[in-house]
Amino acid sequence: MNEAFDAVDVISAKRDRTELSDAQIDWVIDAYTRGVVAEEQMSALAMAIYLNGMNPREIARWADAMIRSGERLDFSGLSRPTSDKHSTGGVGDKITLPLAPIVAACGVAVPQLSGRGLGHTGGTLDKLESIPGWRADVTNEQMMRQLEDVGAVICAAGSGLAPADKKLYALRDVTGTVSCVPLIATSIMSKKIAEGTGSLVLDVKVGSGAFMKELGQARELAETMVRLGKDAGVHTVALLTNMETPLGLTAGNALEVRESVEVLAGGGPGDVVELTLALAREMVAGAGKDDVDPADVLADGRAMDVWRRMIRAQGGDPDAELPTAKETHHLLAPADGVLVQLDALAVGVAAWRLGAGRARKEDPVQAGAGVELHHKPGATVRGGEPLMTLHTDEPERFARALEALEGGFTIAPEGSRPDLPPIVIDRVS
Ligand code: URA
């Protein structure tokens, strides 16, 4: 095939801070997907973009070209409006589990295409796979049927959606080009727009356990993604939310499922309930359903009902006992006082080292492994009492997990008042 451009010219243009034309962007994404642009050439281009950025037109075209690299789902035949949520990932972020059934119980269809965990943040599919029998893989036909019958499906994204991103994300992962706003925004939004949801809520996390450590960076990412969504005709809003400390009291697969079920049963930690309802209200409003309050369907058990049907529809047993780790170890509070700081990254890395997460895509995860917190920042603690419990099947993992937690929490003298930031920091629309 006669190629329209030469990859070296496209790379050199971006290296020299020249804007890429629409035709150059269309070609480079298509040629990379076809294997004509080599991995080393795309690495060089990704690095040039990382260093020199892209303007809003280039970003929009890049996202569009990635969407056109694969199939697009179409939910217009469903009897309900659709809404989806994307989280940029955090520690103890089990929000999708209670959120999808809550929103479905409000009359909105939730096609939640999710991923597995890599590094210190957990993956929704890994969490749900700790439920005996539950399967992540569903066909497009099964997804449609489940959305119509149950209202919510949480499943693995098929390989047909934005295949250019699949290749490029794997490449960025090994070339130091992940943390770049134009590349993150186009990666996330190409998949979400190709998925075909009518409205989208983005949970952009900020803090030590998040991709984005600084509020300014997170806001820029949120604004870029909201613009891409709106330009594609998807009703899109973003919440900037706190990830300085873990969400809830658990980080780890089965531990987080248990906590999610507690939320659906009307209990659970306050921060998880607050963030779940804030996101649910945005999703329900974005889908045009203004007459129903997500708090009502949570309180009267309708959301729990959808959860049970959603798990069953994918082969899972909602009544089965969840796996537990073979070994536990208590980390004791070193002194009396007030827990004023508990670092999300430290807890996330500890859970990962205990076996809850994976270092490489092909690694297995332990369903029962993770960290269970006994206190949140602001609590009064007693020296010698458990601050957290570590869970794993392999006790030799405790030492490295404890190392990760060194310096990860602060106990101040009694009477201290920690400055606790709100869960929802801001809204971008
Ligand atoms: N998640 C994605 O899907 N892509 C990124 O680039 C970063 C996070």
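Student: What radius of gyration would a compact globule with 429 residues have, and what does the chain have?
Tutor: This is a predicted model. For 429 residues, a compact globule would come out near 22 Å, and the chain has 22 Å, so the two agree.

Student: What box do the C-alpha atoms fill?
Tutor: Roughly 70 × 45 × 35 Å, along the principal axes.

Student: And how many helices and strands are there?
Tutor: The chain holds 16 helices and 13 strands.

Student: What share of the residues counts as buried?
Tutor: 52% of the 429 residues.

Student: Contacts next. Of those between residues at least 6 apart in sequence, what share joins residues at least 24 apart?
Tutor: That share is 80%.

Student: Let's switch to the ligand. Which residues are around it?
Tutor: Tyr 169, Val 178, Leu 183, Ile 184, Ser 187 and Ile 188.

Student: Which helix gives the most to that shell?
Tutor: Helix α9, residues 181–195, with four residues.

Student: How does the shell divide into nonpolar, polar and charged?
Tutor: Five residues are nonpolar, one is polar and none is charged.

Student: Now helix α11. How far apart are its end C-alpha atoms, and what should the helix span?
Tutor: The ends of α11 (residues 253–264) are 17 Å apart. Twelve residues at 1.5 Å a residue should span 16 Å, so the distance agrees.

Student: Is α11 largely enclosed or largely open, and why?
Tutor: Largely enclosed by the rest of the structure, because ten of its twelve residues are buried.

Student: Which ones are buried?
Tutor: Asn 253, Ala 254, Leu 255, Glu 256, Val 257, Glu 259, Ser 260, Val 261, Val 263 and Leu 264.

Student: What follows α11?
Tutor: Gly 266 does, and its phi is positive, near 100°.

Student: Which residue has a positive phi of about 65° although it is not a glycine?
Tutor: Arg 17. Most residues other than glycine have a negative phi.

Student: Where is Arg 17, then?
Tutor: In the loop between α1 (7–15) and α2 (22–34).

Student: Does Arg 17 count as buried or exposed?
Tutor: Exposed, because Arg 17 has 10 C-beta neighbours inside 10 Å. The cut-off for exposed is 12 or fewer.

Student: What about Ala 162: what is its phi, and where does it lie?
Tutor: Ala 162 has a positive phi of about 40° although it is not a glycine. The residue lies in the loop between β3 (152–156) and α8 (163–173).

Student: Buried or exposed, for Ala 162?
Tutor: Buried, because Ala 162 has 32 C-beta neighbours inside 10 Å.

Student: Changing topic: what does UniProt say about residues 338–412?
Tutor: An unreviewed UniProt entry annotates them as "domain: Pyrimidine nucleoside phosphorylase C-terminal".

Student: How much helix and strand is in there, and how far apart are the end C-alpha atoms?
Tutor: Residues 338–412 are 28% helix and 29% strand, with the end C-alpha atoms 5 Å apart.

Student: Where is Phe 409?
Tutor: In strand β12, residues 409–412. Phe 409 is buried, since 23 other C-beta atoms lie within 10 Å.

Student: What is Phe 409 in contact with, leaving aside neighbours within four places in sequence?
Tutor: Leu 339, Gln 341, Leu 342, Asp 343 and Leu 387. Leu 342 is 67 residues from Phe 409 along the chain, and their C-alpha atoms are separated by 4.4 Å.

Notes. Residues are numbered from 1 along each chain as its sequence is written. This is a predicted model: local features need pLDDT of at least 70, side-chain atom pairs count only at pLDDT 80 or more; totals for chains, interfaces and linings use all residues. Helices (H or I, at least four residues) and strands (E, at least two) are DSSP runs, numbered from the N terminus. The expected span of a helix is 1.5 Å times one less than its number of residues. A residue is buried if 20 or more other C-beta atoms lie within 10 Å of its own, exposed if 12 or fewer, and partly exposed in between; C-beta atoms are placed from the backbone. A residue is near a molecule or strand if its C-beta atom, placed from the backbone, lies within 6 Å of it. Ala, Val, Leu, Ile, Met, Phe, Trp, Tyr, Cys and Pro count as nonpolar, Asp, Glu, Lys and Arg as charged, and the others, Gly among them, as polar. UniProt positions are given in the numbering used here, feature names are shortened, and annotations may be inferred rather than shown by experiment. The radius of gyration is taken over C-alpha atoms; the globule rule is 2.2 Å times the number of residues to the power 0.38. Two residues are in contact if their C-beta atoms, placed from the backbone, lie within 7 Å.
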